[in-house]
Amino acid sequence: MCNGCKVKYSDYYSDNIYTWCTNCGNYAIHQALKRSLVKLKIPPYQVLLCFDIGCHGNGADKIGGYRFHGLHGRVIPFAVGAHLANHKMPVIAFGGDGGTLDEGINHLIHAVRSNYNITFILHNNGNFGLTKGQVTPTSPKGLAMNSNPFGLIEDQINVCKFLLNLEPSFVARTFSGNIHQMERVFVDAITHKGFSFVEILQACPTYNKVNTHEKIYSKVYDVDELDDYDPQNLSQALKVSSDLDNKIATGVLYFNKTKKDFYSRLPQRLNRNKALIDEVKNY
Ligand code: SF4
Ligand code: MG
């Protein structure tokens with residue numbers, strides 16, 4: 001975050017033309033992301049944006065900033081590597097539900113337990129969109145798609161509930177139809193020190209005909225609307241995060257500020273102000 005910087009929304013403009021389908025939730029996610037970076041006064045040359053493979057990843061060259069577009073399911077390791085090399089640069093990584101929870105689920109689990117100080121944003125549209133509509137671990141049981149015309153026989157992963165059981169540092173859920181909430185959640189996630197996990201319930205109108213904008217909108221509520229909700233209470237977070245069928249809790253579900261992030265736990269980095277990248281320059 002830059003003191004005295006004047007950051008404008010247009011600073012994140014890119015000449016490249018979006019290739020997403022009409023009404024895809026990704027458009028609103030990019031808007032909310034840019035708004036949150038402007039609000040935090042982070043200019044494009046002071047942030048690293050890391051993209052996985054998937055429809056969201058096709059937005060990697062449609063936004064300003066330092067950007068990296070990597071291998072399927074592997075966005076977390078390279079985002080973490082960049083963060084450890086220069087822990088002063090905010091790092092935001094993006095992944096889809098397929099890449100993150102099929103191929104890359106190991107990386108997600110270890111990022112939570114290591115508590116690297118990066119933000120991870122999950123575009124959860126309940127299917128592999130880029131490869132034209134196959135089920136993922138977040139697709140609802142019974143859903144018929146191109147890969148399984150008789151309906152999905154496996155159980156669905158509720159990713160927020162799953163991660164809350166790992167006693168994480170920060171877990172939030174939001175919806176691609178609510179730009180204001182996404183912006184607010186992204187600001188909280190980026191400023192939190194530790195691994196910030198944000199799930200976005202994202203509509204994919206082309207292939208996921210079950211989780212439509214309208215259906216998600218009719219079910220979501222913000223935990224801020226609850227009278228006695230305490231986002232620092234893990235058991236409350238676990239309880240509200242469980243329901244994906246009737247009422248879906250969104251907002252910052254849980255955070256723990258007492259948990260030290262990975263870099264702060266390293267004894268060999270105690271009392272050192274320089275980033276690793278500065279020290280490497282000497283050789
Ligand atoms: Fe968006 Fe789905 Fe189209 Fe991909 S396939 S661009 S997720 S609407
Ligand atoms: Mg997907």
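What spacing do the donors of the magnesium ion (ligand 2) follow along the chain? They follow D-x27-N-x1-N, and the close-ups below start with that site. This is a predicted model, in which local features need pLDDT of at least 70, side-chain atom pairs count only at pLDDT 80 or more, and totals for chains, interfaces and linings use all residues. Residues are numbered from 1 along each chain as its sequence is written, chains are lettered from A and ligands numbered from 1 in the order in which they are written, and side-chain values use heavy atoms, with hydrogens and water left out.

**View 1. The magnesium ion (ligand 2) and its donors.** Asp97 (OD), Asn125 (OD1) and Asn127 (O) coordinate the ion at 2.1 to 2.2 Å. Asp97 sits in helix H3 (residues 97-103) and Asn127 in the loop between strand S4 (119-124) and helix H5 (159-164), so this pair ties together parts that are 30 residues apart in sequence. Donors here are N, O and S atoms within 2.8 Å of the metal (3.2 Å for Na, K and Ca); water is not among the atoms, so sites may look incomplete. Helices (H or I, at least four residues) and strands (E, at least two) are DSSP runs, numbered from the N terminus. Asp97 and Asn127 are both buried. Buried means under 20% relative accessible area, exposed over 50%, and partly exposed in between (1.4 Å probe, protein chains only).

**View 2. The residues around ligand 1.** Look for Trp20, Cys21, Cys24, Cys55, Asn125, Gly129, Gln202, Cys204, Pro205, Thr206 and Tyr207; a residue belongs here if one of its heavy atoms lies within 4 Å of the ligand. By class, that makes seven nonpolar, four polar and no charged residues. Ala, Val, Leu, Ile, Met, Phe, Trp, Tyr, Cys and Pro count as nonpolar, Asp, Glu, Lys and Arg as charged, and the others, Gly among them, as polar.

View 3. Cys50 is buried, at 1% relative accessible area, while Cys55 is partly exposed at 25%. The count of disulfides (pairs of cysteine sulfur atoms within 2.5 Å) comes to zero.

**View 4. Two asparagines with positive phi.** Most residues other than glycine have a negative phi. Asn23 has a phi near 70 degrees and lies in the segment before helix H1 (26-39). Asn115 has a phi near 55 degrees and is found in the loop between helix H4 (105-114) and S4. Asn23 is exposed, at 53% relative accessible area, whereas Asn115 is buried at 0%.

**View 5. A salt-bridge network of Arg35, Lys39 and Glu183.** A salt bridge is a side-chain nitrogen of Lys or Arg within 4 Å of a carboxyl oxygen of Asp or Glu, and the count comes to 11. In the bridge between Lys39 and Glu183, the closest N and O atoms are 3.5 Å apart. Lys39 lies in helix H1 and Glu183 in helix H6 (residues 179-191), so the pair joins parts that are 144 residues apart in sequence. Lys39 is exposed, at 58% relative accessible area, but Glu183 is buried at 9%.

**View 6. The salt bridge of Glu279 and Arg269.** Their side chains meet at 2.9 Å, N to O. Glu279 is in helix H10 (residues 276-280) and Arg269 in the loop between helix H9 (262-265) and H10, 10 residues apart. Glu279 is buried at 19% relative accessibility, and Arg269 is buried at 9%.
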